[in-house]
Structure formats: structure tokens, C-alpha cells
Amino acid sequence: MNKICCKSCKSYIYSQVKLDKFQCLPCKLKKTPSVLKCTACRKSDGIMIRANGEDWIHYNCMMALKDLLHMEREQNIFKDLC
Ligand SMILES: [Zn+2]
Ligand SMILES: [Zn+2]
């Protein structure tokens, strides 16, 4: 597994995908990850991605749920992040 660390907020995740320069979506959009709440676990911080509209979900929560949600493949999730 590769450690992927956001260059701005220093949150990280482990993924099969290898990214050298990664910035999480909240940082990219100039949002503070700590004010966002994960739609799955209701916690803040960590690497979040957009779920639906204005909802955010942790990358890790999403990975746990993705079969349920029929989310796109992991690579596609990172597509617009780098
Ligand atoms: Zn970040
Ligand atoms: Zn979560």
C-alpha cells in the first residue's frame, strides 16, 4: 500500500494508487477539513471526498461502503484530485 499524504493539511490515507503530489479536495477547494462532517461517520478531519452535492465522506468510510454504494473505482476517485 502507498501512503498518500495531502501536501496542505497533512492528512493521509493508504491506497493502492500511487500519487506523488496529492492535495485533498477540501484543501483544493480552500475548505478546512475540520469543519466538514463525514456523511457516514459524522466525524471531521481526515481525507474527505465529495459524496453527493454538498455532502462529504471520508475516503476510508467510502472505501468501506463502496460496494454498497456502487461507487466508482478507486482510480476514478483520484482522477480530479491530481
Ligand atoms: Zn488536505
Ligand atoms: Zn467518516
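How many helices and strands are there in the chain? The chain has 3 helices and 4 strands, where helices (H or I, at least four residues) and strands (E, at least two) are DSSP runs numbered from the N terminus. Along the sequence the pattern reads β-β-α-β-β-α-α.

Some housekeeping. This is a predicted model, in which local features need pLDDT of at least 70 and side-chain atom pairs count only at pLDDT 80 or more, while totals for chains, interfaces and linings use all residues. Residues are numbered from 1 along each chain as its sequence is written, with chains lettered from A and ligands numbered from 1 in the order in which they are written.

Of the 82 residues in the chain, 26% are buried, meaning that 20 or more other C-beta atoms, placed from the backbone, lie within 10 Å of the residue's own.

Now C24. C24 sits in the loop between β2 (12-15) and α1 (25-28). Is C24 buried or exposed? C24 counts as buried because it has 25 C-beta neighbours inside 10 Å. Leaving out residues up to four places away in sequence, C24 touches C6, C9, S11, P33, I47 and M48; contact means C-beta atoms, placed from the backbone, within 7 Å.

Next, the largest nonpolar core, which has 15 residues. Such a core is a set of buried Ala, Val, Leu, Ile, Met, Phe, Trp, Tyr and Cys residues joined through C-beta atoms within 7 Å. C24 and C38 are among the residues with the most contacts inside it. α1, β4 (56-58) and α2 (59-69) each give two or more residues to this core, and α2 gives the most, with 3.

Methods: Buried ≥ 20, exposed ≤ 12 C-beta atoms within 10 Å, placed from the backbone. Contact = placed C-beta atoms within 7 Å.
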